[in-house]
Amino acid sequence: MQSPSSLFVFGLLVLVLTGCDRCNPEPPETLLGTARMNLELAWGDEPYALEQVVTDHNGYPVRLDNLQLYLAPVAFRIDGEWFEGADVSLIDFSVHAQHIESTLNAGTYDAVRFGMGLPPEINTDIDPASYPNSHPLSVIGSAGMFWTWASGYIFVKYEGKFALESGTQLLDPVSYHCGTDASYRTVTLEFPEPLVIASETTSTLTLTLDAAKALNGTDDAIDLAVDPVTHNAQGDSLGGRMMDLLVDAWQINVQ
Amino acid sequence: MTKGMRTRIGLYTLALFVLTGCERCQGDLPCDTPDCAPAATPYTLEIPPFFPPMDIPEDNPLTVEGIELGRMLFWEKELSADGSMSCGSCHLPSAGFSDPNPYSTGITGAQGFRNAMAIINIGWSPSFFWDGRALTLEEQILEPVSHPDEMALPWSEAVERLQNSEDYAARFAVAFGDETITPERTTKAIAQFVRTLVSADSKFDRWRRGETFLTDAEFAGYEIFLREGGDPETTPGGEFGGDCFHCHGEAGLQFSDYLFRNNGLDSTFAADAGHAGVTGNPLDSGKFKTPTLRNIALSGPYMHDGRFQTLEEVVEHYNSGGVPSTTVDPFMKYTTGGLQLSAVQQAQLIAFLHTLTDTSFTSNPAFQDPH
């Protein structure tokens with residue numbers, strides 16, 4: 001038989017080891033994987049970077065300086081059922097390598113769905129100061145994307161300059177700020193090939209926004225010479241028109 | 001050595017190993033930063049109603065002693081080459097911790113080319129200086145002491161002067177754990193003090209808390225502040241408002257979005273490139289950080305170069321629209337005609353701006369010169 005002191009130390013060890021167990025991290029969930037959706041910008045068929053001068057459907061030279069938008073929430077479909085991924089993401093195309101990561105159950109998915117803007121329950125009557133500063137809806141995280149408590153957040157900010165004639169300085173403002181609950185839109189995109197999420201791995205998708213289509217779609221077109229500005233905090237029709245155009249401006253690819 | 005002894009030694013060693021290892025997974029280690037200060041008293045900054053949380057750097061937590069040391073240093077004239085200037089010389093409390101002159105004059109008589117920014121609720125700002133060239137408060141504070149046009153004292157000499165003071169040595173020891181004085185510790189202490197410069201008791205704040213009323217003119221001005229500019233007949237969403245809230249929004253009651261904008265002051269930027277001087281991007285030319293409107297009635301002159309002496313001149317600038325340029329902000333969308341507010345509306349807007357004055361902030365004894 002061991003001495004009493006050895007038993008005491010042994011007992012202490014058991015106690016400490018049991019206590020220490022409490023601060024170990026949770027065991028990894030083996031059935032979860034990650035969908036990483038990279039955001040890219042295009043103008044027509046060509047990749048586009050902000051501050052490039054391009055030509056719109058009316059032949060006006062246009063330069064986008066700022067394109068930001070909220071996507072909330074993102075969901076993925078498997079066997080006809082939707083599973084929610086990332087909740088709120090603020091995409092800023094002036095920042096390199098924008099992406100959204102969603103944690104999903106392992107499986108094979110065939111579509112993605114996301115809200116453009118913010119659903120009503122998180123758009124108005126919530127104080128941005130109630131979020132931690134790292135949150136995209138916080139005072140700091142939403143800088144420049146918040147109107148007022150009553151009108152909520154700017155869903156899409158599409159800003160730049162244009163000119164009526166090519167070869168001249170771009171001095172006329174392009175300034176679309178779309179928001180309000182009535183402007184919230186949902187986009188659903190079928191994957192061209194299945195997205196396989198395996199446990200503890202990351203699968204990549206590319207979500208491309210064609211910024212030209214924000215001005216020119218199959219059913220509507222915005223003429224910058226007539227309607228270069230909307231700040232539809234009160235929900236004017238032009239902001240809603242741009243949101244409708246943007247619904248058809250997305251393309252998804254699975255890598 | 002008997003088998004029993006070997007067993008006991010083995011168990012003791014294992015116990016020591018386990019205990020040491022277990023300590024690492026506890027989140028509240030008493031001293032886990034290079035400048036940890038076990039003797040200093042933790043200070044909890046009171047976040048005013050409707051304000052966001054303030055992000056305090058993990059390596060510079062607020063302490064009672066650190067803040068008091070920072071106040072001493074903020075007002076310490078020995079941090080200038082000739083002993084005539086302190087931080088407070090250009091950041092006067094009565095002027096909202098800004099300089100009532102367009103340009104501050106350094107110890108050599110040289111002048112800067114921008115107005116000293118007001119230090120109000122700066123702990124919430126994610127960038128510093130008009131052009132955003134500093135990303136932390138500690139980094140910002142490092143510059144004026146050694147800048148040849150400002151306090152013009154090399155940091156090595158500043159440290160030496162502080163080391164020669166028994167009082168400062170003792171204060172650094174309490175605040176940072178030992179008597180070592182460095183530029184980094186000096187700026188950390190000043191940053192702690194500056195983070196406590198919180199203004200949240202203006203008439204507007206009291207109104208938001210339901211403690212008082214705004215006059216009709218002040219409330220009308222607030223509505224103008226919150227309304228979109230432009231004629232609704234010609235501008236979608238136009239509401240004949242002041243369009244102020246976009247950049248000086250009330251989110252978190254900061255009255256600034258802390259972004260960089262060209263507000264139509266100039267059409268060329270050779271005199272001052274602004275944010276472009278930091279980013280190297282010509283499309284950032286003429287862009288400057290949006291200042292807070294808190295205590296704006298006290299913190300003139302206005303704009304990055306102090307070109308406007310009065311709030312009336314400021315409002316007139318926006319009312320007439322400013323000048324177009326390739327980088328002017330989209331919010332300055334009325335450069336061809338301005339906001340076209342009436343004289344009465346302009347007066348109401350200015351009346352509202354006066355409600356952001358907080359004299360309990362400017363006269364707070366905790367912020368004044370302790371020397």
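# Close-up views of a predicted two-chain model

**View 1. The two domains of chain B.** In this predicted model, the C-alpha centres of domain 1 of chain B and domain 2 of chain B lie 29 Å apart, the domain bounds being those of an automatic or database domain assignment. Domain 1 covers residues 64–198 of chain B and domain 2 covers residues 203–355. Where they touch, 21 residues come from domain 1 of chain B and 20 residues from domain 2 of chain B, a contact being a pair of residues whose C-beta atoms, placed from the backbone, lie within 7 Å. The side of domain 1 of chain B that touches domain 2 of chain B has ten nonpolar, eight polar and three charged residues, where Ala, Val, Leu, Ile, Met, Phe, Trp, Tyr, Cys and Pro count as nonpolar, Asp, Glu, Lys and Arg as charged, and the others, Gly among them, as polar.

Residues are numbered from 1 along each chain as its sequence is written, while chains are lettered from A and ligands numbered from 1 in the order in which they are written. Because the model is predicted, local features need pLDDT of at least 70 and side-chain atom pairs count only at pLDDT 80 or more, whereas totals for chains, interfaces and linings use all residues.

**View 2. Helix 11 of chain B and what covers it.** Helices (H or I, at least four residues) and strands (E, at least two) are DSSP runs, numbered from the N terminus. Within helix 11 of chain B, which spans residues 311–320, the buried residues are Val314(B), Val315(B), His317(B), Tyr318(B) and Asn319(B); a residue is buried if 20 or more other C-beta atoms lie within 10 Å of its own, exposed if 12 or fewer, and partly exposed in between. Helix 12 (343–354) of chain B is included in what covers these buried residues. After helix 11 of chain B comes Gly321(B), with a positive phi near 105°.

**View 3. Two residues with positive phi in one loop of chain B.** The loop between helix 9 (216–226) and strand 1 (260–261) of chain B holds Phe240(B), and Tyr258(B) is also found between helix 9 and strand 1. Phe240(B) has a phi near 55°, a positive value in a residue other than glycine, and Tyr258(B) has a positive phi near 60°. Are these residues buried or partly exposed? Phe240(B) counts as partly exposed because it has 17 C-beta neighbours inside 10 Å, while Tyr258(B) counts as buried because it has 20.

**View 4. A cis peptide bond in each chain.** In chain A, the peptide bond from Ala72(A) to Pro73(A) is cis, with omega near -10°, and Pro73(A) lies in strand 4 (residues 61–78) of chain A. In chain B, the bond from Gly300(B) to Pro301(B) is cis, with omega near 0°, and Pro301(B) is placed in the loop between strand 2 (288–289) and helix 11 of chain B.

**View 5. The largest nonpolar core.** A nonpolar core is a set of buried Ala, Val, Leu, Ile, Met, Phe, Trp, Tyr and Cys residues joined through C-beta atoms within 7 Å. The largest one has 83 residues, of which Tyr70(A), Phe155(A), Val156(A) and Met242(A) touch the most other members. Strand 4 of chain A gives the largest share of this core, ten residues. Leaving out residues up to four places away in sequence, Tyr70(A) touches Val88(A), Leu90(A), Gly117(A), Leu118(A), Tyr153(A) and Phe155(A).

Conventions
Contact = placed C-beta atoms within 7 Å.
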